[in-house]
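Please look through the sequence and the model shown here before reading on. The paragraphs below are meant to be read with both in view.

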Amino acid sequence: MPGQMNVLSVASEVFPLVKTGGLADVVGALPAALKPHGIAMRVLVPGYPAVMAALAKGRQVHGYADLFGGAARILLGVVHGMEIMALEAAHLYDRPGNPYVGPDGRDWPDNAIRFAALSTVAADIGRGALKTWTPDILHLHDWQAALAAVDVRHRGGPRTVVTVHNIAFQGQFPASVFPRLGLPAAAYSIEGLEYYGNVGFLKGGLAAADAITTVSPTYAREICTPEFGMGLDGLLRARRHNTHGIVNGIDTAIWNPADDKALVSSFTARTLAKRRDNKREMEKRFGLEKDDGILHGVVSRLTWQKGLDILASQLDWLVASGARLAIVGTGEPGIEGAFATAAQRHKGRVAIVMKYDEALSHLVQGGADTMLVPSRFEPCGLTQLYGLRYGCVPVVARTGGLADTVIDANEAALAAGVATGFQFSPVDEPSLQNALQRAGNMFADAPQWTKMQVNGMAADVSWDRSAKHYADLYKQLKG
Ligand code: ADP
């Protein structure tokens, strides 16, 4: 195609092959979203077992006799319409479980090397290693890929974009790993990888990238402050003219309430009553009492970031107010325990399914009345976007992408008929309680509630607009 650009997207996760969070959804959705904009995007991911299984028929496009201590090769294949390049390196990635942690729940001790290898290969591809396909841009996601920008800065290669999906994850390692990263000595400097005497993968990438993006305009501003910048705010302030906040979209084919196999009843904005069937199914699956009152839903990692400890502390009140709560999620033992105890105490009113269950997450979106997202910080957040699309009204903290994507049901928005959910701030018990109360009151007003659901379902949460932002940025960088 004339004017077509090649972009290599590099990440540690890609839906549907390997997913621990929103990063995978974004990386998996971008290639199709960018295609109409003349961008041919390939995705480079580590060859974890699930990736290698999907690429069993892949074609080798490059090989290494020794990549950080073992043989490696790059396999190219098409998975779900996406051109995926898997970095097969058994000594680094052929391991069970999660991409980052071993069965004992601890980080793999060689994570620095595992992701330095991914970054090295990305930079090599950027410099033409594949011969038949060379990217015009390297799009590097999070710390696991950020080192490629450092590599390119020192050794040459195409323009680079580093996207921050969550600045809490920075890839910091002791300075002693530096000699094993395969980078020139000059890369370990205050302007480069050095970070308070350690090596900072994300820090180095942010300093070296031609452009930085993050996943919402509000988060782009927030991370320039000490409160949200997690130590990188100074660097980000210095680079703010090269930083762009581009809100994530969702894959509207996978998340389509009108055609979703994970639901008992698919529905549209005109057939919202069918959501009741999904609610009944949720009650069965979660062991909740049958009830037409408000049912709150949570689909989340159970971590401090997500503010769910605050929700856990409100459950006696919540149940006394007549509401019910269904949670699907796993995470910190303290928060898991708090919900498990509450589920015991309030049998039939509060329930938690403690596992990662993609299908169940769809059912919650299609059956619960609200999607609660009380995050202390939230770069973009996807579950509130799925909530909007599924008529599952978001109740969210006013931070990051949550602030940018949900229209609070305040008087002005209600008068204008544009409200799509509830926002609250600060993230503490009283304001969460207040938001839940507001949601409960509005739920009792069926026409108002339906109006909010319909507004949410009409909101554009697709990739259309955001994909154009990325495409424009790539084009601007290529010049
Ligand atoms: P984060 O990436 O910080 O975890 P996001 O809201 O951006 O948060 O994305 C979370 C993604 O992970 C969503 O697609 C959500 O549906 C999914 N998810 C989280 N926990 C679970 C779970 N226990 N089961 C199924 N999906 C989950």
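What follows takes up the nonpolar cores, then the surroundings of the ligand, and then some local features of the backbone.

The model is a predicted one, in which local features need pLDDT of at least 70 and side-chain atom pairs count only at pLDDT 80 or more, whereas totals for chains, interfaces and linings use all residues. Residues are numbered from 1 along each chain as its sequence is written, and side-chain values use heavy atoms, with hydrogens and water left out.

In soluble globular proteins, nonpolar side chains tend to be buried together. A nonpolar core is here a set of buried Ala, Val, Leu, Ile, Met, Phe, Trp, Tyr and Cys residues joined through side-chain atoms within 4.5 Å, where buried means under 20% relative accessible area, exposed means over 50%, and partly exposed covers the range in between (1.4 Å probe, protein chains only). The largest such core has 78 residues, and those with the most contacts inside it are L8, L44, M85, L87, I125, L181 and F201. Helix α4, residues 111–126, gives the most to this core, with 10 residues; helices (H or I, at least four residues) and strands (E, at least two) are DSSP runs numbered from the N terminus. A second, separate core of 68 residues includes M371, V396, F424 and W449. Returning to L8, and leaving out residues up to four places away in sequence, one finds that this residue touches, among others, V43, L44, M85, A122, I125 and W133, contact being defined by heavy atoms within 4.5 Å.

Which residues come nearest to the ligand? Of the 19 residues around the ligand, these are K19, G22, D25, R301 and K306, a residue being counted as near if one of its heavy atoms lies within 4 Å. Polar contacts are pairs of N or O atoms within 3.5 Å; within protein, one must be able to donate a hydrogen and the other to accept it, and residues adjacent in sequence count only if both atoms are side-chain atoms. An N or O atom in the side chain of K19 is 2.8 Å from an oxygen atom of the ligand, while G22 places a backbone N or O atom 2.7 Å from a ligand oxygen atom, and a polar side-chain atom of R301 also lies 2.7 Å from an oxygen atom of the ligand. The protein covers 92% of the 570 Å² of accessible area that the ligand has on its own, as given by the Shrake-Rupley method with a 1.4 Å probe. Elements that each supply at least two residues of the shell include α1 (22–34), β14 (324–331) and α14 (358–367), and β13 gives the most, with 3 residues.

Turning to the backbone, most residues other than glycine have a negative phi, and most peptide bonds are trans. A cis peptide bond joins F15 and P16, with omega about 5°, and P16 is found in the loop between β1 (5–10) and α1. Another cis peptide bond joins S425 and P426, with omega about -5°, and P426 is found in the loop between β18 (422–424) and α18 (429–443). F68, although not a glycine, has a positive phi of about 50°; F68 is found in the loop between β3 and β4 (72–79) and is partly exposed, with a relative accessible area of 24%. K131, also not a glycine, has a positive phi of about 65°, lies in the loop between α4 and β6 (137–141), and is exposed, with a relative accessible area of 72%.
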